[in-house]
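This report covers one protein chain. It takes up salt bridges, domains and a pocket in turn.

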Amino acid sequence: MTASSSPPQLPEHRPGILQELLAQARQLESCLAELDVQPLLLVYGHLTGDSATIDRFAPYIKGAWGFEESVPEEMKAELRGKLIATLKDYAEAGRPLPPAPSRELLQKMADTAVGTHVPEAYYAMIYDELNFDGKDAKTVRWRETPGAARLANFKVLVIGAGFSGIAMGAKLKEAGYNFVVVEKNDNVGGTWYENTYPGIAVDTPNHFYSYSFRMEPNWDHYFARGDEIQTYIEKCYAEMGIADHVRFEQEVASTIWDKDKGIWNVKVRRKDGSTYEESYNAVISAAGLLNVPAFPKIPGMDRFKGPLFHSAHWDHNVDIAGKTVAVIGTGASGQQIIPAIADKVGKLVVFQRSPHWVRPNPLIFRTVTDNWKWALANIPYYNKWYRFLLLWATADGLLPQMRTDPNWTNPLSLNAENQRIREWLEANIREQVNGDEELIAKVTPKFPPYGKRMLRDGGYLKTLTRDNVELVTGPIQTFTETGIVDEHGVEHRVDVICLATGFKAQCPLTPIEVVGTNGSIRDHWGEDDPRAHLGITVPDFPNLFLIYGPNTNLGHGGSALFHSECQIRYIMQALREMIEGDLDVVEVKREPFEDYNRKVDAEFEGMVWMHPGVASWYKNAKGRVVTNSPWALSVYHKLTAEFAPEEYAMSKVKAEAV
Ligand code: N01
């Protein structure tokens with residue numbers, strides 16, 4: 001895993017790709033016939049600037065997904081022919097591929113391909129995310145190259161080697177920093193390494209849920225299985241060449257700010273329990289949000305005599321074949337586990353405290369065909385345009401229907417579009433459970449769609465109709481030595497219990513003791529009220545940066561990695577400010593921090609997550625949404641695109657103190 005390797009080069013950056021395509025003309029032709037029209041139209045528009053053709057397709061495209069178009073077959077064939085001719089023309093003329101499309105052309109292409117007007121706010125983000133020239137617009141480059149001694153004497157600690165931590169490490173390495181990544185596990189991957197429960201997969205399409213600077217043409221699934229994602233993370237890690245900086249099986253126990261010296265004193269615990277201390281100029285937490293399992297407070301949990309484990313730590317030594325197994329919790333984890341084990345166990349008892357909305361997803365188990373993979377690996381810009389379509393279809397396109405229409409009176413939805421979605425989801429429930437009215441009543445949420453995380457239907461609803469599956473609703477009363485007692489006092493005897501009860505998402509940095517200039521982070525945040533400026537920096541905690549911090553989880557859709565990359569860029573800019581300005585301390589001022597958090601709270605007003613009928617891990621005990629971002633991806637991209645020095649107190653410590 002540590003041997004370094006090279007990332008696959010996308011076709012637009014591969015010399016000789018056009019000649020290769022010419023040589024494989026037959027493959028190209030058969031491949032194009034299988035692909036969705038929207039990405040092909042975008043590739044064609046990009047290569048030709050032929051806006052008249054784009055205009056002709058516009059009336060037939062209603063959305064970004066392949067199933068949202070009604071383009072006549074002869075027009076599709078014509079498009080394929082024109083695209084082949086265009087590629088041939090480029091190859092024969094020896095013309096270089098065009099750079100990023102102009103702003104005007106991009107507008108026309110984007111509007112047509114997603115079937116609606118893409119607002120101005122998106123364009124900076126699209127250019128950054130699609131990285132047309134391959135130079136990674138999100139990389140922060142030195143304005144003045146610092147001396148080697150300055151960089152060597154400035155030590156950076158990254159906590160965690162998950163998706164975000166290794167990307168942070170890669171950027172620090174590129175810039176020449178002296179850094180260490182401390183990881184509690186014996187491998188990279190974070191949550192994807194730890195969660196190995198049956199059925200685990202991502203529910204964001206992974207052609208988007210992957211680094212923008214390392215797009216992967218060879219995903220086997222549109223929604224990758226856990227092991228496929230772990231393999232991608234390990235591959236990226238090997239390519240990054242940061243292995244010398246990573247310390248596995250070590251955990252940060254505490255980090256305490258020394259204000260006289262302007263450094264963090266960090267205590268690290270090794271796997272054998274021994275500890276050591278080191279000082280760092282900056283600490284970056286990439287410890288993640290969903291990494292501390294939440295164990296429910298149900299009486300008698302220690303009484304149960306059989307195997308009991310949390311979904312995040314699935315016990316593969318327990319043989320569930322033929323056994324009676326209880327799964328408690330029907331969130332994202334539970335709904336993947338339940339269909340994956342139902343045909344292996346003797347009986348499955350599902351404990352649902354409250355139902356979640358589930359949306360149909362025709363691609364969830366579909367594998368990517370060889371032709372698709374070939375297109376992603378060989379057709380210039382295809383990968384990027386496909387990514388853009390996913391970004392739109394699974395993220396910000398969904399946000400407007402999550403706001404309450406003040407004139408809307410139905411308490412079960414927020415507005416006309418949200419009601420339309422509700423009806424679509426209800427119809428799916430009815431179909432999946434074969435019209436069973438009792439089951440329909442049990443699994444239909446009484447809150448508007450998207451109030452809790454929207455789940456993708458991977459067979460959960462249908463599984464509930466199996467003869468060996470029983471759905472128990474309502475709160476659990478207690479555990480016994482042999483089973484679980486429901487709210488009606490009925491004991492369900494089971495052999496094995498899996499707690500798919502989620503994570504302690506409301507206390508980031510747990511269990512690390514973090515002490516700044518004015519007490520610990522828990523004094524500031526309590527158990528469940530974390531706040532940060534842009535989700536990244538906190539007053540009284542200088543030189544501390546958070547990735548996936550408070551109010552940065554994406555509840556409406558989109559890829560968590562998109563946010564991580566925004567945060568990494570911002571942090572790299574902050575560090576650059578320190579290095580180039582020869583500064584020791586950077587601390588966000590209270591005013592911008594409070595102003596930002598006021599805006600966050602105000603933005604939540606009228607949003608679905610604040611709906612009184614919704615209880616979720618997004619909200620704290622007082623009802624404030626503390627995990628989610630209220631912003632469209634385009635807004636957060638803009639908010640974090642430029643580090644604003646005026647929002648920070650930046651200083652040097654006195655020379656004699658150091
Ligand atoms: O956890 P959850 P999760 N008694 O908190 C129930 C990501 N993720 O691990 O709804 C009985 O969503 C609780 O009931 P209720 C993703 O961000 C992604 O499933 O609160 N039940 C709920 O049903 C996701 O949102 C993927 O009434 C109790 C369940 O346990 C996040 O992780 C896959 C209970 C917890 O659901 C968390 O998902 C997996 C109690 N005392 C995870 N306490 C994909 O990308 C809690 N529950 C596919």
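Lys599 is partly exposed, with a relative accessible area of 45%. Here buried means under 20% relative accessible area, exposed over 50% and partly exposed in between, with a 1.4 Å probe and protein chains only. This is a predicted model: local features need pLDDT of at least 70, side-chain atom pairs count only at pLDDT 80 or more, and totals for chains, interfaces and linings use all residues. Residues are numbered from 1 along each chain as its sequence is written, and side-chain values use heavy atoms, with hydrogens and water left out.

Lys599 is found in helix α20. Helices (H or I, at least four residues) and strands (E, at least two) are DSSP runs, numbered from the N terminus. The side chain of Lys599 meets that of Asp595 in a salt bridge, 3.0 Å from N to O. The two residues sit 4 apart in helix α20 (residues 590-604), so about one helical turn separates them. Asp595 is partly exposed too, at 29% relative accessibility. Lys599 and Pro630 are 31 residues apart in sequence, yet their C-alpha atoms are 9.4 Å apart in space.

## Other salt bridges

Side chains of opposite charge can pair when their charged atoms come close. A salt bridge is a side-chain nitrogen of Lys or Arg within 4 Å of a carboxyl oxygen of Asp or Glu. The count by this rule is 43.

Which residue forms a salt bridge with Lys138? The partner is Glu565, with the closest N and O atoms 2.8 Å apart. This pair links distant parts of the chain, 427 residues apart. Lys138 is in the loop between α7 (123-130) and α8 (148-152), and Glu565 is in helix α19 (residues 560-580). Lys138 is buried, with a relative accessible area of 6%. Glu565 is buried at 6% as well.

Lys184 pairs with Glu194, the closest N and O atoms being 2.5 Å apart. Lys184 lies in the loop between β2 (178-182) and α10 (191-194), and Glu194 lies in helix α10, so the bridge ties together parts 10 residues apart in sequence.

## Domains

The domain assignment gives domain 1 (11-137 + 371-393), domain 2 (148-292 + 505-651) and domain 3 (301-364 + 406-499). The bounds come from an automatic or database domain assignment. The centres of domain 2 and domain 3, taken over C-alpha atoms, are 31 Å apart. Across this pair, 22 residues of domain 2 are in contact with 25 residues of domain 3. Contact means heavy atoms within 4.5 Å.

## The second largest pocket

The second largest pocket has a volume of about 490 Å³. Of the 20 residues that line this pocket, Pro7, Glu174, Phe213, Arg214 and Glu239 are the closest to its centre. A pocket is an open set of points on a 1 Å grid over the protein atoms alone, where a 1.4 Å probe fits, with protein on both sides within 12 Å along at least five of seven lines; lining residues have an atom within 4 Å of a point. Points are joined across faces, edges and corners, and the volume is the space filled by probe spheres set on them.

Helix α9 gives the most to the lining, with 4 residues. By class, the lining has 8 nonpolar, 5 polar and 7 charged residues. Ala, Val, Leu, Ile, Met, Phe, Trp, Tyr, Cys and Pro count as nonpolar, Asp, Glu, Lys and Arg as charged, and the others, Gly among them, as polar. Domain 1 and domain 2 both give residues to the lining, so the pocket lies between them.
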